Amino acid sequence: MKKTRQNKNDFEAEEIPPLEKGGEGGFMASRSTGTVSHPVFLRATKSCILAGCHFLRHQCKSPLAPLLQRGERDSVGGSTLKPLLQRGERDSVGGSTLKPFLQRGGRDAAHLLRIFATVVLLTLTAQAANAKTLRYASQDDPQTVDPHSANLLATSRVTGQIYESLVWRDAQWKVIPWLATSWQVVNDRTWRFKLRDGVKFHDGAVMTADDVVFSTERALSPTSQMRTAIQGIEAARKVDRLTVDFILTEPNPALLSHLTNFRIMNKAWSEKNGAARPQDYKAKEDTFSARNANGTGAFKLVEWSPDVRVRMVRHNDWWGFAEKAGNTNLTEVQMLPIKSPATRLAALVSGEVDIVIDPPTQDVVRLKRDPSLKVQDGLEIRIQYLAFDLFRDELLYGSEKKKNPFKDLRVRQAVAHALDPEIIKTKVMRGMARPTGTIVTPEVVGYSADADKRLPYDVKRARALLAEAGYPNGFEVTLDCGNNQPASDICQAVAVLLSQIGIKVKPNIIIQSAFYPKLEKFDTSFYLLSWGGGVTADSLYTLNLLLHSTGGKGEGDFNMGRWRNAEMDALIKSIRSEADGAKRNANIREALLIANRELPVIPLHQQRIPWVMKKNVDAAFTPVNTVYFYQTRLN
Amino acid sequence: MLAFVIRRLLQSVLVMLAVAFIAFSLFNFVGDPVSLMLPPEATQQDREEVRKTLGLDQPFYVQFKVFIVNALQGNFGISLRLGRPVSALLAERLPATLELAFAAALIGLFIGIPMGVYTALKRDSWISRVLLTASLIGVSLPNFLIGIFLILIFAVWLGWLPSFGRGDVTQLAFWSTGLLTITGLKALVLPSITLSFYPVTLIMRLVRSEMMEVLRTDYIKFARARGLTNRSVHFGHALRNTLVPVITITGLQLGGVIAFAIVTETVFQWPGMGLLFIQAVQFADIPVMAAYLCLIGFIFVVINLIVDMLYFVVDPRLRVERPGGGGH
């Protein structure tokens, strides 16, 4: 559902901020011009360099030595208590030099002190045993903690811990009851949900149907960015204290899948704090709910300092503890944004954080060898794909001005035949990929394995097809891609692979914030994008945005190549109004097969995401690349 | 003196206008914040609407005018990324950056000057050569590399110091300080050393060359001829006369250190203005970028002003030249 963009709902693991490099370059330039160069400097010898380093180390070490010794890591009770104990002992020594009648008192005091110290030590140790703080690091920081405000991954990674939805997903990513215990389809356009009784918000209030109705209105309001997550819902109506009806604009067998990302807020709390509507950029003001939260989740927000940390503590009244919905033993979670990948990993290796969810791909192999760490990976609901401009009659960025070679199916087939998924998987993705033949992934409603087939890697066939289409010597074209990893690497690999059949591809790697606006204006001939389907996890969503013809409201918004196929449009329309799940899936399969035949886009692979953590962390991978703390343990 | 200060302040307004103008014209190339603010599936209509409400559909000069008019009223707009007033964000981040920059500048002075004096006086000793070589490394290694090396040594290998963040901070009215807690002080060590590498080497080399220059002058020879002690010649006469350029450079360096803290802050996840700026650039958060650049421009101007005024204190000749001033 989202495309590759920086800090966006997307992955963006391992990207090195481009401007950091640029900034440093500029910095160096200005430095070198401002420096007076002494020839004496150049008389350096190797030993001098080493000695210099030693000197500097000494310089920084000496004034800090006492400080450093004091702050020994992880010595929770021991080190702070030592002075206490020693003092107790000293007191007893002092006592013995006093007069005999004081001697006893001194000894008693010492004794008492010792007992006191032991008690303190025991409590501290007990606390240390009970207190389980998970320190989690990634490069992203949320933009807001309002669950309806921003539909971005960095945000939902935080709000998803604090707020909950009516239905949620199990380990197999199947929909399960959550805040709602059961539901029934009253008719094609009405679904009735029975709410869980006794669900408590973090402020102690009990969740009722009013909160669900309120949250629905809130998520549907114009300033909400979660409207798409619940698109097709017209309204929610309270039936009784714990029953809610959802009225749909059209039948939607995938409603449950959509509802997994619709989070419930407390009506009274929101209204009391002036947050009845999601943050509005027009209002140009700080909204209470953007910085404060009151959900029903297993963790409650206690602090959010942007770029420093998000701190959450266990919500002991969470309904899930009694219902065994989650098995966390954490008492506190600190989500630490650490922008620089090197620093993030250094913090992990040095033991300052427990888990890093976005290690740079090239470091994963090395991290796997570290005996104190483990790497856990899984497939994210996200594919990388190539797409063509299928609208213009020329290559806007390329050599063919008389006609657009991509409009010829044989050329698209040739491109598909020339792309070796194994090469991209092993050389670019270092094994962290699953080559795919379709735009939806197995976790998504409507996926069918027989549509997930690629044209085989066959250079000979590709050349023949190109020649047949009238391009025996190929042509030149520019491939647009974002500057995040791994997109820019994939782009270059595609260029190499297509050069085998004579298509000279010029990769054009653009900063993320400029890449998307360029595509939005259809200002491209050939582009690489990544597409996630995690928010609704429903094929219709992907088909509608990627393959429906453009122009309609909310249709084909991501069809930047402006492909138009009447058959596809008709199928999508029928899927939209199909109430029968099996028929709907058959139609989805049909649509995916059309896409395979016509190749308006060429899917490359689904990405495998590695999380690196200390051995004692027990975190379950989720296909939306989010650590859910309610099921995370620290052993 | 007053006229001088006022003139300087007026100049600073011009400087900042120029900075704001240049910054604004550059921002047309950083991309479109709307695409990052809205979900991917937002319709074209939604996008246009947001653009309109943010005034991004206006031509450049209109946006610039609006920004200047608001800025004059102390309103730098609202951050597109965090949805909070930019002035509040910068005020929150300023203490972190200033503490880091001043720590780095102090390290620069207290290590750079003695090293400079030593290398000037004992030109041929091996320690001098070592220092000069080390300073070559200091100027030539990029900041982020130094930072990563320090993290590797002190955080990963030795485990003495934290590799990121600012530790625990104490809130004193509007100022958040990390100087009052052990974790805060520990967290300050690596970033401030990283940031001080360049000032240390620069000040050391500057003091050295100035000192060598001064030691060749006639009044030093006279001082020696009068039989003054080495100590008095070196520190009473020579060092004092080298300080004017050192003050200038240190002052300008302080501005540079604040501005270039961006890199150090990014490496150490130091929650200062530089980190805020880097995030803003990636998000095309124009209000934050513009306000930050203006603020940095302002800091440079103020530091220059203070440096100019310090000249009066250090160099008696300037006081003599002042019309109506005392002295003989």
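# Exercises on a predicted two-chain model

The largest nonpolar core has 232 residues, and those with the most contacts inside it are A:Ile355, B:Phe277, B:Met289 and B:Tyr292. The largest share of this core, 15 residues, comes from helix H8 (residues 182–215) of chain B. Keep in mind that this is a predicted model. Let's work through it piece by piece.

## Exercise 1: A core residue and its surroundings

Find which residues B:Tyr292 touches, leaving out those up to four places away in sequence.

*Solution.* 
- Start from B:Tyr292, one of the residues with the most contacts inside the largest nonpolar core.
- Its partners are B:Leu90, B:Met273 and B:Phe277.
- Now look back at the core: B:Phe277 is also listed among the residues with the most contacts there.

## Exercise 2: A sheet in chain A

Determine in what order the 4 strands of the open sheet in chain A stand, and which strands are at its edges.

*Solution.* 
- The order is E4-E5-E7-E6, with antiparallel pairing.
- E4 and strand E6 (233–240) stand at the edges; each has a single partner strand, so one side of each is left without a neighbour in the sheet.
- On average, neighbouring strands are turned by 25° against each other, direction ignored.
- Next, zoom in on one pair: strand E4 (residues 180–187) and strand E5 (residues 190–195) of chain A are joined by 6 bridges.
- These two strands form a hairpin with 2 residues between them.

## Exercise 3: Enclosed or open?

Decide for helix H6 (residues 153–162) of chain A how many of its residues are buried, and for A:Asp393 whether this residue is buried or exposed.

*Solution.* 
- In H6(A), 10 of the 10 residues are buried, so the helix is largely enclosed by the rest of the structure.
- Among them are A:Leu153, A:Arg157 and A:Ile162.
- The buried residues of H6(A) pack against strand E8 (299–305), strand E9 (309–314) and strand E10 (332–337) of chain A.
- Turn to A:Asp393, in the loop between strand E12 (373–388) and helix H14 (409–418) of chain A.
- A residue with 12 or fewer neighbours is exposed; A:Asp393 has 10 C-beta neighbours inside 10 Å, so A:Asp393 counts as exposed.
- Beyond four places in sequence, A:Asp393 is in contact with A:Lys403 and A:Asn404.
- From A:Asp393 to A:Lys407, the step is 14 residues in sequence and 8.0 Å in space, C-alpha to C-alpha.

## Exercise 4: Chain B as a whole

Describe chain B by its secondary structure, extent and burial.

*Solution.* 
- Chain B has 13 helices and 2 strands.
- Its C-alpha trace spans about 85 × 60 × 35 Å along the principal axes.
- Of its 328 residues, 47% count as buried.

How values were computed:
Residues numbered from 1 in each chain as written. Chains lettered and ligands numbered in written order. Predicted model: local features only at pLDDT ≥ 70, side-chain atom pairs only at ≥ 80, totals over all residues. Core = buried A, V, L, I, M, F, W, Y, C linked by C-beta atoms within 7 Å. Buried ≥ 20, exposed ≤ 12 C-beta atoms within 10 Å, placed from the backbone. Contact = placed C-beta atoms within 7 Å. Pairing = 2+ DSSP bridges. Axes fitted to C-alpha atoms, helices over the stretch in contact; angles between N-to-C directions.
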